[in-house]
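This report goes through one protein model for a reader who has not seen it before.

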Amino acid sequence: MGQIFFFRNLVIVSAIAAVVLAALHYVAPQAQQHWKFAIGSILLFALVCTGLFYAGASSARSQNKYAFTNLVSVSVFGKMVVALAALFVYQQVAVPSNQWFVGIFLWCYVVFTAFEVWFMTKLAKS
């Protein structure tokens, strides 16, 4: 799996997530106060996917046959920690008046996790 292929698909996935969140922004006034958090969530998960792509490509070429499996295990735990930290920090810093930010964040989490599973599967096959 090449870098151009990965980044093209990352842009597509990010655009889909952004369009859905923009639609939510216009349909649900309660979600409007979280627009910066929504953008930050997309950027956070795009960054996580980029790091995981490079780490996955490296571990797939590794002599250690367990390197890729270990990376997947660590990345699942690491992404959960990062996700919980992001939610906690936003809640403490922004003190939102509603809980819509959790749904926004979960949408991004699910979309980018599906993308991550797809490209990691492609990397594992290469």
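## Aromatic pairs

The model is a predicted one, and it holds 17 aromatic pairs. One of them joins Phe6 and Phe119 in an edge-to-face arrangement, with 5.0 Å from centre to centre and 75° between the planes. Phe6 belongs to helix H1 (residues 3-27) and Phe119 to helix H4 (residues 100-125), so this pair ties together parts that lie 113 residues apart in sequence. Phe6 has a relative accessible area of 0% and is buried. Phe119 is buried as well, with a relative accessible area of 0%.

Phe45 and Tyr109 make another edge-to-face pair, at 5.7 Å centre to centre and with 80° between the planes. Because Phe45 lies in helix H2 (residues 35-60) and Tyr109 in helix H4, the pair ties together parts 64 residues apart in sequence. Phe45 has 1% relative accessibility, which is under the 20% limit, so the residue counts as buried. Tyr109, at a relative accessible area of 22%, is partly exposed.

## The surroundings of Lys79

What lies over the face of Tyr109? Lys79 does, at 4.8 Å from the ring centre. Lys79 is part of helix H3 (residues 67-94). Is Lys79 buried or exposed? With a relative accessible area of 6%, Lys79 is buried.

The side chain of Lys79 is also joined to that of Glu116 by a polar contact of 2.9 Å. Setting aside neighbours within four places in sequence, Lys79 is in contact with Phe45, Val48, Tyr109, Phe112, Thr113 and Glu116. Both partners of the Phe45 and Tyr109 pair are therefore among the residues that Lys79 touches.

## The protein as a whole

The protein has four helices and zero strands. Read from the N terminus, its elements run α-α-α-α. Along its principal axes, the C-alpha trace spans about 50 × 25 × 15 Å.

Of the 126 residues, 35% count as buried. The protein exposes about 7,600 Å², and carbon and sulfur atoms supply 72% of that area. Among contacts between residues at least 6 apart in sequence, 82% join residues at least 24 apart. The pair of Phe6 and Phe119, tying together parts 113 residues apart, links helix H1 with helix H4.

Methods:
Residues numbered from 1 in each chain as written. Predicted model: local features only at pLDDT ≥ 70, side-chain atom pairs only at ≥ 80, totals over all residues. Heavy atoms only, no water. Phe/Tyr/Trp six-rings, centres within 6.5 Å; stacked < 30°, edge-to-face > 60°. Helix = DSSP H or I, 4+ residues; strand = E, 2+ residues; numbered from the N terminus. Buried < 20%, exposed > 50% of the residue type's maximum accessible area, 1.4 Å probe, protein only. Lys NZ or Arg CZ within 6 Å of the ring centre and 35° of its normal. Polar contact = N/O pair within 3.5 Å; in protein donor to acceptor, adjacent residues only side chain to side chain. Contact = heavy atoms within 4.5 Å. Areas by Shrake-Rupley, 256 points an atom, 1.4 Å probe, with all protein chains shown as cover.
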